[in-house]
Amino acid sequence: MDVAGRIHEQLSKCGVRLAASLPDDWVAPLIERIAADNQIRHVRVAREAEAVAICSGAFFGGVRSVALMGATGLLTCTGELATLNLRHQIPVFLIVSQRGSIDDHRIYQEVQGRRTIPLLQAYDFPYHVIDRPDDVSSIPDAFETCRMQKRPFVLFLTRRLVKGEGTA
Amino acid sequence: MRAREAIELLARHRRDAVAVCALGMAANEWWAATKSEDSFYMHGAMGFAASFALGLALSLPQVPVWLINADGSLCMNLGCLLTEASQAAQNLKHFMVDNGVYQTVGALPVVNDGRTDYAAIARAAGFPHTHTIEALEELERQLPAILAEDGPVMTVLRVVPEKGFLRTPPMTYEGPEMKYRFGRALERRFGIEVFGPQGY
């Protein structure tokens, strides 16, 4: 099974029944995989903060959910993560491409690579990095930690995980 | 039509609907009219009450979900209309109070100075039903038919702006307490599990 399939399988194991997404090319295969699953309601959004708020609403409907986006999208919704999810202690589980890493040779991603983790630390948002296919099995633990900590939790997918070894 | 009158009228027709309110005037007036704990009052994320309401509506498809939105909030996230239209949640009613100003901060004008036709935007986005209502009597007359329509339905409530600040007090609880009161209210009403066995 490919990495997208393995992540999808773990999300199903977590009981995820709703996904809201805006694609980045690293998370696109996972999004399409989830979109094809009729057990998960998939919502394509126009802006990443919509995904955050949709998942927050779903929480109160008793539905487990995930927001999928790229690193740039994560930067765009930090205000909403703070004023909705931190404000009310609403957990939201985000799967995000870790763009701007040393093997991501895209100039328009370099700021995301340098500043995203410090930004999450400033907000006190927990995160976990999945770098190897074997790490995918940690997703249920990450999901439970998100619920317990009652705040945004970012699960990063690295380039090596989604694209394999090799140069950018 | 004044905002308070329109919201009070909506409240009288609410029955079993669960409401999500945009922050500021919409939330404060809905609280004043209903004092309801099975309503969620946004305290931030301006523009995203619509998305929150959509997530709730998709998760509870048998429950009527009302969004009490306002023009300033909608302008922050017009893209939400595309998402709402695409999901076609039949249980979702979108009420949008259009007073042309940012009332909560002292009635400064909203962008585009009252020229925007929000119902036309919603219609163009793919909403199957849209309405614009300017008089209280008209709202009273049309509301039963609007509530009988399959969602998503956009109803623009054109109201006169108030002068200066509105002094309607906000709800008397906030933050985590609002989360737990709202979540527990939905658990009791619908027999769902929002919080796990250990309370989180």
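Colleague: How many residues of chain A are in contact with how many residues of chain B?

Modeller: This is a predicted model, in which local features need pLDDT of at least 70 and side-chain atom pairs count only at pLDDT 80 or more, while totals for chains, interfaces and linings use all residues. Residues are numbered from 1 along each chain as its sequence is written, and chains are lettered from A and ligands numbered from 1 in the order in which they are written. Two residues count as in contact if their C-beta atoms, placed from the backbone, lie within 7 Å. By that rule the contact joins 33 residues of chain B to, on the chain A side, 30 residues.

Colleague: Which element gives the largest share of the side of chain A that touches chain B?

Modeller: Helices (H or I, at least four residues) and strands (E, at least two) are DSSP runs, numbered from the N terminus. Strand S2 (41–44), helix H3 (48–60), helix H5 (78–88) and helix H7 (139–149) of chain A each supply at least two residues to that side. The largest share, 10 residues, comes from H3(A).

Colleague: How many helices and strands does chain A have?

Modeller: Along the sequence, chain A follows the pattern α-β-α-β-α-β-α-α-β-α-β-α-β-α. Counted by kind, chain A holds 6 strands and 8 helices.

Colleague: What percentage of the residues in chain A is buried?

Modeller: A residue is buried if 20 or more other C-beta atoms lie within 10 Å of its own, exposed if 12 or fewer, and partly exposed in between, with C-beta atoms placed from the backbone. Of the 168 residues in chain A, the buried ones make up 49%.
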